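Please look through the model below, with its sequence alongside. The paragraphs after it go through some of its features in turn.

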Amino acid sequence: QDSSSQKVGEVFVYDNFNRIPAEEVGAGDICAVSGLGNISIGDTIMGEGAEPLPTIEVEAPTVRMAFLVNTLPFSGQEGKFV
């Protein structure tokens, strides 16, 4: 479906992890919409005659882990009070 002919079904904002229906949201608000296909983070949703914002680049999330040898004083020891 052409992006210029889609309609927003519902708009939701978040309050303490709960979705609450909203009549409108502003620039920078975090929201969820239904009824639109093939959109992603950084896309502009707008009415007719408006100029879209430039698309932003969002980096993929990364996880950093460090695996080290246990050097604590009681490492390698077993027992009830160790």
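Predicted model: local features only at pLDDT ≥ 70, side-chain atom pairs only at ≥ 80, totals over all residues.

Q6 itself sits in the segment before β1. Its relative accessible area is 17%, so Q6 counts as buried, since the cut-off for that class is under 20%.

Strand β1 covers residues 10-15, and its pairing with β2 is antiparallel, over four bridges. On the residue level, V13 has I20 in β2 as its bridge partner.

The sheet as a whole is open and consists of three strands, ordered β2-β1-β3, with antiparallel pairing. Its edges are formed by β2, residues 18-21, and β3, residues 31-34, each of which pairs on one side only. On average, neighbouring strands of the sheet are turned by 35 degrees against each other, with direction ignored.

The surface is the last topic. A nonpolar patch is formed there by V8, I39 and I45, and together these residues have about 230 Å² of accessible area. One of them, I45, is found in the segment after β3. Is I45 buried, partly exposed or exposed? I45 has a relative accessibility of 47%, and therefore counts as partly exposed: exposed would require over 50%, and buried under 20%.

Methods:
Residues numbered from 1 in each chain as written. Heavy atoms only, no water. Pairing = 2+ DSSP bridges. Helix = DSSP H or I, 4+ residues; strand = E, 2+ residues; numbered from the N terminus. Axes fitted to C-alpha atoms, helices over the stretch in contact; angles between N-to-C directions. Patch = residues over 30% accessible without salt bridge, like charges linked within 9 Å, V, L, I, M, F, W, Y side chains within 5 Å. Areas by Shrake-Rupley, 256 points an atom, 1.4 Å probe, with all protein chains shown as cover. Salt bridge = Lys/Arg side-chain N within 4 Å of Asp/Glu carboxyl O. Buried < 20%, exposed > 50% of the residue type's maximum accessible area, 1.4 Å probe, protein only.
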